[in-house]
Amino acid sequence: MEAAAAQVTVAPVTVAQAAVAPVTVAPVTVAPVTVAPVSAQPIRPDEQVGQAGRDGLADLLAKGTVRSGREASAGSGALPDADLLPVLPALRDLLPHGALQRGSVVAAGNWNLLCVALAAGPVASGAWCAVAGIPELGVAAAADAGLAPARLLLVPGLGPNWAQVVISLLDGCDLVVLRPPDRPPPQARRKLEAAVRRRGAVLLVAGDWDGAQVRLRITAQEWAGIGQGHGRVRGRRAHVVADGRGGWSRSQTRWLWLPGPDGAVTAVEPALSGTAGEPALAGTAAQASTG
């Protein structure tokens, strides 16, 4: 059986030429870069003073004029480590190591001048302090007691989430003076204590605090300057008792001027005629009261 084969003719494919437009590349002109010579800036006067102070301190350390803090005894005012915040000289014998321990909670009883005096030393040394929950704080009176307003943050009202507010303050302050609006539950208290340790700050509570490392309270006070129904108050002598945990469980007691006739917080020097531990107020009239 024959098959008919058809012849297939393939038409040639014609490719049209494409007109390609010539591409003109513009020359790139690079502008010359002028580099100004770097000249050293003159040292400001405050930098010169700071450098001179550092050089002077290094010289004192080299000569042994300044003792290492680790060689100093407790209450001497020297700081063994950066973990301590200095306090006023009158308060050193009432605190372990003569200072406030970073990462600790200190309870100072009801809000009074003792709380201000405890915060004055750290602020004077350059620490930042926040006062929370104490709207009646008088800035002028605090400044007279040594609490510098330039490093002071005031938070009069704390609100319902006050514990979180205090934790936020601990992020930026070395010391927070707190009067809690209510007694914190154990969980909130532990959370605050953990934040204090983690930040390396000090929480100074105007009131009671379960588990505080140090507790201070005023057990008696006398007003100086009041005679028999007349006179002007010149100062207050307060009997301060301090105790705490561990090696500080034994009570320490001191009579302090809170404040003294000159407005300063100082220790009361015992008079020779006074009872041991209870110095007499020579030349002043006093009225005793407890608080």
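This is a predicted model: local features need pLDDT of at least 70, side-chain atom pairs count only at pLDDT 80 or more; totals for chains, interfaces and linings use all residues.
**A first look at the cores and helix H4**

Residues are numbered from 1 along each chain as its sequence is written, and side-chain values use heavy atoms, leaving out hydrogens and water.

Of the 291 residues, 35% are buried, meaning under 20% relative accessible area with a 1.4 Å probe and protein chains only, while exposed is over 50% and partly exposed is in between.

Now, the cores. A nonpolar core is a set of buried Ala, Val, Leu, Ile, Met, Phe, Trp, Tyr and Cys residues joined through side-chain atoms within 4.5 Å. The largest one has 40 residues, and Leu91, Leu216 and Leu258 touch the most other members. Helix H2 (113-124) is among the elements supplying at least two residues of this core, and H2 gives the largest share, eight residues. There's also a second, separate core of 23 residues, including Val105 and Trp162.

Which residues of helix H4 (residues 162-172) are buried? Trp162, Ala163, Val166, Ile167, Leu169 and Leu170. They sit on the same side of H4, because they cover an arc of only 160° around the axis, taken from the directions from the helix axis to the C-beta atoms. Over on the other side of H4, Asp171 and Gly172 are exposed.

Terms used. Helices (H or I, at least four residues) and strands (E, at least two) are DSSP runs, numbered from the N terminus.
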